[in-house]
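Biologist: Could you take me in for a close look at the inside of this protein? I'm new to this, so please spell out the terms as you go.

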Amino acid sequence: MRGVTRGALTAFSITGLAAATLVGGPVAANATPPSGVTGEILWQKTVGDTDVVYRKITIQPGGTTGWHFHDGNLIAKVAEGTLDHFGSDCKSDGHYNKGAVFHEPDHQVHIGRNLTDKPIVLLVYYFNPKGAPLSEDAANPGCSFQ
C-alpha cells in the first residue's frame with residue numbers, strides 16, 4: 001500500500017487536484033443518511049489488495065454526509081466552499097476552507113457538514129481494501145445534530 005499511496009499522492013500534487021471525503025456507499029437502516037450530497041467517481045484502479053478511487057463530492061448548502069466511517073484511508077481537498085467536520089465525540093475536528101487538504105483515517109466515525117450558503121466541492125482519494133464500499137453508515141453517536 002505504501003507504493004500505491006505515494007503514486008497517488010504524486011499524481012495528486014502534480015495535477016493540483018486533491019481528495020476529500022466523506023461520502024458514499026449504501027445507506028443502512030437506523031443510520032443517519034446523507035442529505036444534499038452527490039458523488040461522481042472520476043477514476044479508479046485496483047492495485048494488489050487496494051482499491052484506489054478518485055471521486056468528486058458535492059455537498060449542497062445545509063447538506064450533510066451523514067455519520068459514517070471508511071474501511072480505508074482518505075486524502076481530501078476542498079476545491080470549493082468550506083467543510084465543517086465532526087468526530088464521534090460531537091466536537092469539531094476540522095474547519096476546512098477552499099484549498100485545505102486533510103486525511104481521514106480508517107474506521108473513525110465522523111460527519112461532514114455544509115453550514116454555509118454555498119456548495120462544497122471535495123476531491124477525494126480513497127485507499128480501501130479491495131471490494132470495500134467507499135463508506136459505511138454509522139448511527140449518530142449521540143450528538144445534537146445530524
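Modeller: The protein's secondary structure comes to 1 helix and 10 strands; here helices (H or I, at least four residues) and strands (E, at least two) are DSSP runs, numbered from the N terminus. Walk along from the N terminus and the order reads α-β-β-β-β-β-β-β-β-β-β. Before we zoom in, keep in mind that this is a predicted model, where local features need pLDDT of at least 70, side-chain atom pairs count only at pLDDT 80 or more, and totals for chains, interfaces and linings use all residues. Residues are numbered from 1 along each chain as its sequence is written, and side-chain values use heavy atoms, with hydrogens and water left out.

Of the 146 residues in the protein, 46% are buried, where buried means under 20% relative accessible area, exposed over 50%, and partly exposed in between (1.4 Å probe, protein chains only). The protein exposes about 7000 Å², and carbon and sulfur atoms supply 52% of that; areas like this come from the Shrake-Rupley method with a 1.4 Å probe, and for residues only the protein chains shown count as cover. Take the contacts (heavy atoms within 4.5 Å) between residues at least 6 apart in sequence: 79% of them join residues at least 24 apart.

Now for the inside. The largest nonpolar core has 15 residues, and Leu83, Leu122, Val124 and Tyr126 are those with the most contacts inside it. By nonpolar core I mean a set of buried Ala, Val, Leu, Ile, Met, Phe, Trp, Tyr and Cys residues joined through side-chain atoms within 4.5 Å. Two or more residues of this core come from each of β2 (50-64), β4 (73-80) and β9 (120-129), and β9 supplies the largest share, 4 residues. There's also a second, separate core of 7 residues, which includes Trp67, Phe69, Ile111 and Ala138.

Ile120 is buried, with a relative accessible area of 0%. Leaving out residues up to four places away in sequence, Ile120 touches Ile57, Thr58, Ile59, Glu80, Gly81, Thr82, Leu83, Arg113 and Asn114. Look at Thr82 in that list: 38 residues separate Ile120 and Thr82 along the chain, but their C-alpha atoms are 6.2 Å apart.

The whole structure holds 5 aromatic pairs. One of them is Tyr125 with Phe127: the ring centres are 6.3 Å apart and the planes are at 20 degrees, so this pair is stacked. The rule is that rings of Phe, Tyr and Trp (its six-membered ring) pair if their centres lie within 6.5 Å; planes under 30 degrees apart count as stacked, over 60 as edge-to-face and the rest as tilted. Tyr125 and Phe127 are both buried, and together with Tyr54 they form one aromatic cluster.

Next, the cross-links. Glu80, one of the residues that Ile120 touches, takes part in a salt bridge with Lys98, where the closest N and O atoms are 3.5 Å apart. Lys98 is in the loop between β6 (92-96) and β7 (101-104) while Glu80 is in strand β4, so the pair ties together parts that are 18 residues apart in sequence. A salt bridge here needs a side-chain nitrogen of Lys or Arg within 4 Å of a carboxyl oxygen of Asp or Glu, and a search of the whole structure finds 1. Lys98 is exposed at 55% relative accessible area, whereas Glu80 is partly exposed at 39%.

The structure also holds 1 disulfide, meaning a pair of cysteine sulfur atoms within 2.5 Å. Cys90 and Cys143 are its partners, with an S to S distance of 2.0 Å. The torsion about their S-S bond is about -95 degrees, so the disulfide is left-handed. Cys90 lies in the loop between β5 (83-87) and β6, and Cys143 in the segment after β10 (136-137), 53 residues apart. Cys90 is partly exposed at 26%, while Cys143 is buried at 10%.

Asp49 is exposed at 65%. Setting aside residues up to four places away in sequence, Asp49 touches Asn128, Pro129 and Lys130.
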